[in-house]
There are 2 protein chains.
Amino acid sequence: MEAKAKANGPRYGDSSARVVDGPTNPMVSPLLTDLYQFTMAYAYWKAGKHKERAVFDLYFRKNPFGGEYTIFAGLEECIRLIANFKFTEEEISFIKKSLPSSCEDAFYDYLRGINCSDVEVYAISEGSAVFPKVPLVRVEGPVAVVQLLETPFVNLINYASLVATNAARHRFVAGKSKILLEFGLRRAQGPDGGISASKYCYIGGFDATSNVAAGRLFGIPLRGTHSHAFVSSFMSPDEIIDKSLRSSDGSRTCEDFLSVVQMWLSKIQWLPSLHGTFGDTNQSELAAFTSYALAFPTDFLALVDTYDVIRSGIPNFCAVALALNDLGYQAKGIRLDSGDLAYLSCEARKFFMAIEKEFGVPGFGKISISASNDLNEETLDALNKQGHEVDAFGIGTYLVTCYAQAALGCVFKLVEINNQPRIKLSEDVSKVSIPCKKRIFRLYGKEGYPLVDIMSGENEPAPKVGERILCRHPFNESKRAYVVPQQVEELLKCYWTGKSGKAAERLPALKDIRNRCIKQLEKMRPDHMRRLNPTPYKVSVSAKLYDFIHFLWLNEAPVGELQ
Amino acid sequence: MEAKAKANGPRYGDSSARVVDGPTNPMVSPLLTDLYQFTMAYAYWKAGKHKERAVFDLYFRKNPFGGEYTIFAGLEECIRLIANFKFTEEEISFIKKSLPSSCEDAFYDYLRGINCSDVEVYAISEGSAVFPKVPLVRVEGPVAVVQLLETPFVNLINYASLVATNAARHRFVAGKSKILLEFGLRRAQGPDGGISASKYCYIGGFDATSNVAAGRLFGIPLRGTHSHAFVSSFMSPDEIIDKSLRSSDGSRTCEDFLSVVQMWLSKIQWLPSLHGTFGDTNQSELAAFTSYALAFPTDFLALVDTYDVIRSGIPNFCAVALALNDLGYQAKGIRLDSGDLAYLSCEARKFFMAIEKEFGVPGFGKISISASNDLNEETLDALNKQGHEVDAFGIGTYLVTCYAQAALGCVFKLVEINNQPRIKLSEDVSKVSIPCKKRIFRLYGKEGYPLVDIMSGENEPAPKVGERILCRHPFNESKRAYVVPQQVEELLKCYWTGKSGKAAERLPALKDIRNRCIKQLEKMRPDHMRRLNPTPYKVSVSAKLYDFIHFLWLNEAPVGELQ
């Protein structure tokens, strides 16, 4: 796939020194857009307006999951799209077939020549904490071209940011010390729902994925052992033919590893501290565990709930782990995939501790316990409250499908054309757009926390450290506050300059995006982060921009007549 | 994209006459699976079990969206995957890097040779109404190979079936006479979340999509006009340079179409029946509508809510539509994207009727009204209850992300290996798997409705028309009923035979799958279909299979000891 994506190559010889690979998913093409972007392109072209320089803001209106922050992600894929934006002849002829036959042929010549060399993209760095109404991306360029980018940009950013935020929220509840594994591929919304989920959950703070394709594409660490089917595919220990296992140091070979396992099982069974916990364990499970250990003596991690965790899975696991221990191998751990995870993990821990104590196997008590099975923020929180002994969580469905809120509502609004600011009105004030080409600054307070994001017109002076500045709510006239910033960070950076010759930011590596995300969240004031009734982070406009918004609003809104 | 998918070609020379294209999304490869499928494959191989013939059932446990039916979709993509299932050397070396270095080299030779020529796939026809616990797909083949298919099969079927079901539910509420448009690309979970949504919503009964890539890949009808940005990109009518428009029959040219529009606007303004409804309309909107009509005189459909629907959008639209009418063109309609859609659509209809009456323009009153803006099953239902005049609904976010329930829980369970039936137990009875290689029959009653699905062992005689048969709930011994079927339909058909030489079903065209879906739902008894408290459709097992399940269950479950 990597090879394929690269083969797409940059489709036009851009004068900048950078070569940007094509989109990770080859299905991301200039046709991945809404038909109305083409009908509009035609209407702009027909009116001679297609080259008018337009500025669009991409932003969302509300943080997801009842929280007060969002992680911005998906930027790199947008840049990969525009760096290689060019219609093929096949695509042109499909567009022609899809538009009315009355459309003039010269329009298709225009489409043939389109690329993003006249487009500039300013964006907040991927992996940043971001807030409602603040443009995540500002796209400038010929209006017809930038409109074509609306749908793919919003598509590439909406889910990426949503699932990265979901991952960050899971990390927040789980705590820093736990291992978080993304197991969502099978339940994701389509193949690259799965692949993107793996990428953006990693950015949001997960440690690894089960998804091999994502591991290959993005270098994300992979994890996985076996399923219930593996366990039930064995009928009995008689099936195991080759029972020999070399010791860890290679010094000797145990010819009948199965007998050692069985010996340990009966020893455990008669341990005074465990006596009565279990009787006969399931023999197909014992065979499966033994066989798995023979294949992976250095990586033995067993799923223990196929038949019965306490009465079969854990004792069978311990017998195999002790037999491995005899040969110098350390078992990796167990996975629980059903039942009361808090209770079962505590019981497993007690069992392991008892074995460590009774047989003097150092470290056995600390064997890793993984848990999976429909976990989400709420169940992690509930597990924390009950107390549990889980070291690693495998999270799938609720994480990757963003079950608690399956969409982020990013929009892409025209804010300026031909240097004229534009506004989109709505009866719902929260849907009124903030006009003008803007700059955005994050102002930090004395304690190092970010206090407020402020948007101002392009030509206003930037806020200065130590100087008092008035921050106004964009639509509520009574909400305003003076801030004396201790640090000022400009948020929008140039990520694509086309042929303008300006320098553009380099696209950072995935690990660096992940680190940015983790650090940004650590820097947030804790009350913005809490799960219950978090404090909204403030987003404001400068006094000058405030006045201008309201001037434009009055100008555009029709005056009603009461009758 | 089509070309790429085809270029993947069948990767091995299969003896069947069929050539099946590769997956629609080139990211669907044999690596699109969980790592544990490879660790298990190694453990099976190491134990010499990898070629044991296994049978897996793919099924779900609960219908989505609080309903009592599901539409099965995604089969074709599964067949495309297995028809071309082969590891590249690059993929092999990545797998090698991902497994412990202790794994033997000969295993990778084994992987190199893997394809699906020994695999058989039986499935219910795509587009069918299906029910919990009934296998949608039965996959048979060497255990190691079939395990590798688990994750991609479940991935390809889960979301496809979920979103097709969601679409069918939206169609059910909207009624047959409405046009349903899928507008979800921008909010979908990733690029092919969008593309698959378009495909499977079409199967579920939608009429068209806005997604150009999906239109191209699958031949789905495309729809789209313009957005708010198009409207606000215009400042005033002065911007319109070329104002000429040829009449529909080509007989004459109106040199100043804009003046005709303006003339009509003032006429409407002073119509006694509309007087006072509006004053000055927004001029940037008027310019945009006029310009759009000049570009698309035969397809004029305007988004009327950028400034104010009643006071600006509708009068502006009508002025342009009447000017078009003078030249022999018929305007297509309006789209509402905010506000009270029931009220606004009724007001728009009244306005159109008044114009038809006052100016004697036949058909003007029936101009199409489209509505969009966060629609879902509930809002469609509420609109129906309030009464509305909407002819077409554009549905996005809630449809494609399946917001009401973002995942379907399809699972893939081992039911037989080496001719030995297997069962997966669970403390939660609903999670116990139904063992054995099975056949499934749908039994129809006197009135033509399907009554019950019954699963039976492979070698049991099929139910016969007119003969009484006992249908038992698989786990609840008191739930059973005799049925005398008037028609018996075997549900699982062979869709992939590998090299066995058996005949396999042809993959039907998308339209045929869509027709199947629509017909199947029409055939269902209405109480299974209703939104509130639908009656569950019955799923049963034969008496013989029932006895066998419970024999195996007792055999595998450990016996507890009360203390």
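How many salt bridges does the rule find across the interface of chain A and chain B? In this predicted model, the answer is 8 salt bridges. One pairing to look at joins the side chains of Lys49(B) and Glu239(A), with 2.7 Å from N to O. Polar contacts between chain A and chain B come to 43 residue pairs, counting those with both residues at pLDDT 80 or more.

Turning to the side of chain A that touches chain B, helix H2 (residues 35-46) of chain A supplies its largest share, 10 residues. By class, that side has 53 nonpolar, 39 polar and 26 charged residues.

Here are the overall numbers for the interface:

| Interface item | Value |
|---|---|
| Residues in contact, chain A | 118 residues |
| Residues in contact, chain B | 117 residues |
| Area buried between chain A and chain B | about 10000 Å² |
| Share of that area from carbon and sulfur atoms | 59% |

Within chain A, the residues that lose the most area to chain B are Met27(A), Arg186(A) and Gln189(A), together 9% of what that side buries.

Now for the helix pair inside chain B. The axes of helix H2 (residues 35-46) and helix H6 (residues 143-174) of chain B come within 9 Å and cross at roughly 175°, which means that H2(B) is roughly antiparallel to H6(B). From H2(B), the contact uses Tyr36(B), Gln37(B), Phe38(B), Met40(B), Ala41(B) and Tyr44(B). H6(B) answers with Val143(B), Ala144(B), Gln147(B), Leu148(B), Glu150(B) and Thr151(B). Sorted by class, the residues of this contact are 8 nonpolar, 3 polar and 1 charged.

Notes:
Residues numbered from 1 in each chain as written. Chains lettered and ligands numbered in written order. Predicted model: local features only at pLDDT ≥ 70, side-chain atom pairs only at ≥ 80, totals over all residues. Heavy atoms only, no water. Axes fitted to C-alpha atoms, helices over the stretch in contact; angles between N-to-C directions. Helix = DSSP H or I, 4+ residues; strand = E, 2+ residues; numbered from the N terminus. Parallel < 35°, antiparallel > 145°, perpendicular 65-115°, else oblique. Contact = heavy atoms within 4.5 Å. Nonpolar A, V, L, I, M, F, W, Y, C, P; charged D, E, K, R; others polar. Buried area = accessible area lost by both parts, 1.4 Å probe. Salt bridge = Lys/Arg side-chain N within 4 Å of Asp/Glu carboxyl O. Polar contact = N/O pair within 3.5 Å; in protein donor to acceptor, adjacent residues only side chain to side chain.
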